[in-house]
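Colleague: I would like to go through a sheet and a chain interface, term by term. Please give the general idea each time, then the case.

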2 protein chains.
Amino acid sequence: MNKAVVLLSGGLDSSTALGWALSEGYSVFTLNFDYGQKHSKELKCARDLAKFYKVPYQLVRFSLPWGGSALLEKKLRVPKLRSLKKIGSGEIPITYVPARNTLFLSFALSYAETLGAGAIIIGANAVDYSGYPDCRPQYMKAVQSVAQLGTKRGVEGKKIKILAPLIHLTKREIILLGTKLNVPYPLTWSCYSGGKKPCGACDSCLLRRKGFEESGRADPIY
Amino acid sequence: MNKAVVLLSGGLDSSTALGWALSEGYSVFTLNFDYGQKHSKELKCARDLAKFYKVPYQLVRFSLPWGGSALLEKKLRVPKLRSLKKIGSGEIPITYVPARNTLFLSFALSYAETLGAGAIIIGANAVDYSGYPDCRPQYMKAVQSVAQLGTKRGVEGKKIKILAPLIHLTKREIILLGTKLNVPYPLTWSCYSGGKKPCGACDSCLLRRKGFEESGRADPIY
């Protein structure tokens, strides 16, 4: 069976990517990161999702001592109740973590090469998203080159494919796909804050709400 | 002054790259990694080098729980006394750490973007080297694309240049350059093992010895 490393953050997109990877027949190894984000709720959700699917769960810890994001620095506040027009304007918000996906994908590359996995699956999305540069197709293509040229596996002529199956889907389409695949959305967490209930006001909550509204379904975590 | 992040491992190449960066007039920020390598001697050397040059020193800790290299796993032995022909054969040895430079450069990218630095300097070398795929020019070019496409800085049209000033130099040429720049080689450490004296037998020691012999100089750490 083809092995794949799936980046799992505990959110809507990565859990759908996990469901997709399993439906495609991959032997999945999930990878989750504690990188100093302000809350650990999403780590618990990622662990619960891996448990639900009975797939290996690997946590990696690192820190970014230089901060540079409202998801890392206490003194920077996460923007609330921005309009969907503003969120989709292409402006990169303060919740952007410099080089986050590059770091996640680098760890995934190291893990994939050690496992002998031929694919890395990331739930990045470039339609209903916050404008982060490291979620776009052209970026994924560049990472693909790094994966081929910078690994022993690549030099040996074997592939490590970077797959972003949701990259061209709207949030509505992601939710419909996940629903079809029976992804356990009650176990997911998208909010940039921790707590018992999502804040409902950060960009991530607003994009999630839009997706559920447009798909005609109720969000099971409310 | 142009800011640059310099990857500093405490070895011959990265210390020469540091000396070069300063001679080029960069305002330097050094970055060093504790990634679970078997000894910490090189971390002390990197710190001492940054102190010598009076430049900021940043240590980042992470682990690679999956191992995959003789530099990480106790049960894997570092090869000794391989012939220089064998070392230069293009075969990737067991000391290769999967995706190590990709990880180092990803952290450097995050740091550079937060600092507003326009360059990342790495002492990688593709002539007298151990055949690691992530030391080659074509790999650096791919990382350059990731840096431009995956960052806010890149999207804004500003550069983050990946510079590998030693990549086409022989070890002899690196040592002659460093000597000209007064790089304090007594503070460096290349051996894959810790201890008081280098083992003299691992690939890294052998390549270093070759370089000093060919440059007609004595290695000050013996």
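Predicted model: local features only at pLDDT ≥ 70, side-chain atom pairs only at ≥ 80, totals over all residues.

Modeller: Residues are numbered from 1 along each chain as its sequence is written, and chains are lettered from A and ligands numbered from 1 in the order in which they are written.

Colleague: In what order do the five strands of chain A lie?

Modeller: Strands (E, at least two residues) and helices (H or I, at least four) are DSSP runs numbered from the N terminus, and two strands pair if DSSP finds at least two bridges between them. Here the order is E3-E2-E1-E4-E5, an open sheet with parallel pairing. E3 (57-61) and E5 (161-163) of chain A are at the edges with a single partner strand each, so one side of each has no neighbour in the sheet.

Colleague: How many bridges join E1 to E2 in chain A?

Modeller: Five, between residues 3-7 and residues 27-34. A:Val5 stands opposite A:Phe29 of E2(A).

Colleague: Which residues of chain B touch chain A, by element?

Modeller: Contact means C-beta atoms, placed from the backbone, within 7 Å. By that criterion, 37 residues of chain B are in contact with 37 residues of chain A. E3 (57-61), H4 (100-115), H5 (137-149) and H6 (152-155) of chain B each supply at least two residues of that side. H4(B) gives the largest share, 11 residues.

Definitions and conventions: Contact = placed C-beta atoms within 7 Å.
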